[in-house]
Amino acid sequence: MVRKRLIIEMGMGVDQHGQEPTVAAARAVRNAIAHNALPGVWEVALLSDPNEMIVEVQVAVPYPEQVREDEVLAVLPFGRKSLTVESGGMVVQGKAMPELNDKNDEMLIAIAAVTVLVDNE
């Protein structure tokens, strides 16, 4: 089997309040997949089930060790999913608001790349 890429989508996500890298990462993945359709999965790759797709996600976010991977992958509706999390993204000085459960003034920005692949003979 030869694995072939069909699409790579990029996205950005921000957690302005709460300082949760998982929230920023999940929003980046959601942003990456928000405006696409994948007819090639059925019409070109001839898959009969969307869960046959391989979906590889790469996210760069501050505090990657705090990311709850299952919550980020839950954003994806289909596929055989995997996630790589690495240090990156950005921390921006915001304004802490106690009523929004802020721990500090940080806003976290994550970036994501979502790659859809298929196995071909």
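R68 is partly exposed, with 33% of relative accessible area. Its side chain meets that of E71 in a salt bridge. This is a predicted model, and it holds seven salt bridges. The points below cover some of them.

**The R68–E71 pair**
- The salt bridge between R68 and E71 spans 2.6 Å from N to O.
- E71 has a relative accessibility of 38%, so E71 counts as partly exposed.

**R3 and E56**
- R3 forms a salt bridge with E56, and their closest N and O atoms are 3.9 Å apart.
- This pair links distant parts of the chain, 53 residues apart.
- R3 lies in strand 1 (residues 2-15), while E56 lies in strand 2 (residues 54-61).
- E56 is partly exposed because its relative accessibility is 32%.

**R3 and D119**
- The side chains of R3 and D119 also meet in a salt bridge, at 3.3 Å from N to O.
- Here too, distant parts of the chain are linked: R3 in strand 1 and D119 in strand 5 (residues 106-120).
- R3 has 44% relative accessibility, so R3 counts as partly exposed.
- D119 is partly exposed as well, at 28% relative accessibility.

Definitions and conventions
Residues are numbered from 1 along each chain as its sequence is written. This is a predicted model: local features need pLDDT of at least 70, side-chain atom pairs count only at pLDDT 80 or more; totals for chains, interfaces and linings use all residues. Side-chain values use heavy atoms; hydrogens and water are left out. A salt bridge is a side-chain nitrogen of Lys or Arg within 4 Å of a carboxyl oxygen of Asp or Glu. Helices (H or I, at least four residues) and strands (E, at least two) are DSSP runs, numbered from the N terminus. Buried means under 20% relative accessible area, exposed over 50%, partly exposed in between (1.4 Å probe, protein chains only).
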